[in-house]
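Subject: Handing over the structure

Hi,

Here is the structure I promised to pass on to you.

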Amino acid sequence: MLREITIGQYYRADSIIHKLDPRTKIMGTILFIISLFIGRSLAAYIAAVLLLGLVIKISTVPFSFMVRGLKAVFAILVFSVVINMFFIPGTVILDFGFADISREGLQTAVLMAVRLVFLILGSSLMTLTTTPNQLTDGMEKLLSPLKRIRVPVHEIAMMMSIALRFIPILTEELDKIMKAQMARGAEYDQGNLLNKMKSLVPILVPLFLSSVRRANDLAMAMESRCYRGGEGRTKMKPLVYEKRDYISYIVVYLYLALMIMIRFNM
């Protein structure tokens with residue numbers, strides 16, 4: 001299950017999506033997520049499927065690899081569906097005695113499930129096609145206007161990039177710790193809930209210590225290289241929009257306009 005987490009990983013390939021400016025991919029992902037909350041009809045989600053499918057096809061990232069990321073949030077997906085299905089009042093279509101399923105609840109549950117799946121796939125596609133360094137540069141450039149009000153833009157972008165980079169590292173570390181504990185006879189699926197929670201202590205403690213040690217090593221490495229934040233720093237590869245980026249912006253804005261038209265006309 002731990003190896004199914006794809007958010008934060010980078011899939012190396014030579015596609016147009018990989019070559020796009022990171023600012024284009026970040027803004028495209030944000031606008032795509034916004035469009036998911038604008039559209040509420042079947043036509044809107046068909047448009048979202050077509051756009052997402054086209055981008056995945058162009059990126060050359062295997063769809064099976066992207067779908068693996070959904071397994072890690074399957075429990076959250078099921079929980080949100082059940083909550084919306086049973087606790088939203090409306091026209092009852094199924095009566096179980098202790099709980100009812102309404103038409104409105106079922107519609108909301110399906111809507112939330114589709115939104116969550118699309119949101120995860122869209123976010124995963126951005127991180128799979130963009131290196132952490134590119135994400136840092138892109139976020140810093142997009143947030144640069146906030147420097148005028150003394151917001152530490154470079155530091156914020158750096159922290160977000162480090163957090164994304166640590167996701168696969170800590171996932172691999174957690175996998176190693178669990179396998180080591182299981183080799184020593186540890187069992188995580190036995191007993192009641194309290195026993196299962198206690199069995200997690202031998203995993204969480206070494207994982208926490210490993211995280212602190214890695215963070216300390218990273219801080220020492222940055223200090224030894226005289227890192228002093230973003231003030232006065234230059235870029236080896238400055239971000240420059242190219243023709244493909246402008247075309248991508250046009251496509252995304254046309255898609256967003258289509259979603260708005262569907263929302264208010266259907």
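Below is what I found, starting with the whole protein and ending with single residues.

Two things about the ground rules. Please keep in mind that this is a predicted model, in which local features need pLDDT of at least 70 and side-chain atom pairs count only at pLDDT 80 or more, while totals for chains, interfaces and linings use all residues. Residues are numbered from 1 along each chain as its sequence is written, and side-chain values use heavy atoms, with hydrogens and water left out.

**The whole protein**

There are 11 helices and two strands; helices (H or I, at least four residues) and strands (E, at least two) are DSSP runs, numbered from the N terminus. Going along the sequence, you get α-α-α-α-α-β-β-α-α-α-α-α-α. The protein has 266 residues, and 35% of them are buried. Here buried means under 20% relative accessible area, exposed means over 50%, and partly exposed is in between (1.4 Å probe, protein chains only).

**The cores**

In soluble globular proteins, nonpolar side chains tend to be buried together. A nonpolar core is a set of buried Ala, Val, Leu, Ile, Met, Phe, Trp, Tyr and Cys residues joined through side-chain atoms within 4.5 Å. The largest one here has 27 residues, and the members that touch the most others are Phe-32, Ala-48, Leu-52, Met-66, Phe-118 and Tyr-255. At least two residues each come from α2, α3 (42-59), α4 (63-71), α5 (74-87), α6 (103-128) and α11. Helix α6 gives the largest share, eight residues. Ala-48 touches Phe-32, Leu-36, Phe-118 and Tyr-255, not counting residues up to four places away in sequence. Another core, of five residues, lies apart from the largest one and includes Ile-26, Met-126, Leu-135 and Ala-157.

**A helix pair**

How do α2 and α11 cross? The axes of α2 (residues 22-38) and α11 (residues 243-265) come within 10 Å and cross at roughly 5°. Axes are lines fitted to C-alpha atoms, for helices over the stretch in contact, and angles run from 0 to 180 degrees between N-to-C directions. That makes α2 roughly parallel to α11, given that angles under 35 degrees count as roughly parallel, over 145 as roughly antiparallel, 65 to 115 as roughly perpendicular and the rest as oblique. Residues making this contact include Met-27, Leu-31 and Phe-32 of α2, and Val-252, Tyr-255 and Leu-256 of α11. By type, the contact residues divide into 12 nonpolar, four polar and three charged. Ala, Val, Leu, Ile, Met, Phe, Trp, Tyr, Cys and Pro count as nonpolar, Asp, Glu, Lys and Arg as charged, and the others, Gly among them, as polar.

**Around α7**

Helix α7 (132-142) has Pro-132, Leu-135, Thr-136, Gly-138, Met-139 and Glu-140 buried. Its buried residues pack against α2, α6 and α8. In the loop between α6 and α7 you will find Thr-130, which is buried, with a relative accessible area of 1%. Leaving aside neighbours within four places in sequence, Thr-130 is in contact with Tyr-10, Pro-22, Lys-25 and Leu-135. The C-alpha atoms of Thr-130 and Ile-17 are separated by 8.8 Å, though they are 113 residues apart along the chain.

**A few single residues**

- Thr-60, in the loop between α3 and α4, has a positive phi of about 65° although it is not a glycine. Thr-60 is partly exposed, at 45% relative accessible area.
- Arg-150, in the loop between α7 and α8, has a positive phi of about 60° and is not a glycine either. With 78% relative accessibility, Arg-150 counts as exposed.
- Glu-173 sits in α8 (residues 153-183) and is buried, at 16% relative accessible area. Not counting residues up to four places away in sequence, Glu-173 touches Leu-207, Ser-210 and Arg-214.

Cheers

Terms used
Contact = heavy atoms within 4.5 Å.
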